[in-house]
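Please consult the sequence and coordinates shown here alongside the text.

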Amino acid sequence: MTAVPSVLFVCVHNAGRSQMAAGWLRHLAGDRVEVRSAGSAPADRINPVAVQAMAEAGIDITAEQPKRLDHAAAEVSDVIVTMGCGDTCPYLPGKRYLDWTLEDPAGQGIEAVRPIRDAIRTRVEQLLAEL
């Protein structure tokens, strides 16, 4: 890994899980980790319920925009965390991959998204301890 490790969070729409994970890692790690997120088929905007759930935890992700996954972002990342993107996620030799099985918050209300947010926080804390 590089002096400052870099993590790329990937899900299909880059509107919920990957954005919440990136928000948690930025919040918990500060500038100790370079954080990216992307999607294989990015949405037009971040899921507003994901934004609400993160705001309840004191994290503002309103300025983020879904981004298309590209080879360059994967290439410069030390760790690639996939969340439900299956075969559309890139595979690059020499990278560390983690696949987090998490429910998709798309179309769900805040009561269903809170446990997803909390599960993501737990996994991000574990990842940060390993970095």
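## Sheet

T82 has D99 as its bridge partner in strand β4. The model is predicted, with local features requiring pLDDT of at least 70 and side-chain atom pairs pLDDT 80 or more, whereas totals for chains, interfaces and linings use all residues. Residues are numbered from 1 along each chain as its sequence is written, and side-chain values use heavy atoms, without hydrogens or water. Helices (H or I, at least four residues) and strands (E, at least two) are DSSP runs numbered from the N terminus, and two strands pair if DSSP finds at least two bridges between them.

Four strands form an open sheet in the order β2-β1-β3-β4, with parallel pairing. On average, neighbouring strands are turned by 20° against each other, direction ignored. The axes behind such angles are lines fitted to C-alpha atoms, for helices over the stretch in contact, and the angles run from 0 to 180 degrees between N-to-C directions.

## Strand β3

Strand β1 (residues 6–11) pairs with β3 in the parallel sense over five bridges, and V10 has T82 as its bridge partner in β3.

Five of the five residues of β3 (residues 79–83) are buried, so the strand is largely enclosed by the rest of the structure. Buried denotes under 20% relative accessible area, exposed over 50% and partly exposed in between (1.4 Å probe, protein chains only). V79, V81 and M83 are buried on one side, and I80 and T82 on the other.

## Aromatic pair and cores

One aromatic pair is found in the whole structure. The ring centres of F9 and W100 lie 5.9 Å apart and the planes make 50°, so the pair is tilted. The criterion, for rings of Phe, Tyr and Trp (its six-membered ring), is centres within 6.5 Å; planes under 30 degrees apart count as stacked, over 60 as edge-to-face and the rest as tilted. Both F9 and W100 are buried.

A nonpolar core is a set of buried Ala, Val, Leu, Ile, Met, Phe, Trp, Tyr and Cys residues joined through side-chain atoms within 4.5 Å. The largest has 31 residues, and F9, L25 and W100 have the most contacts inside it. Helix α4 gives the most to this core, with seven residues.
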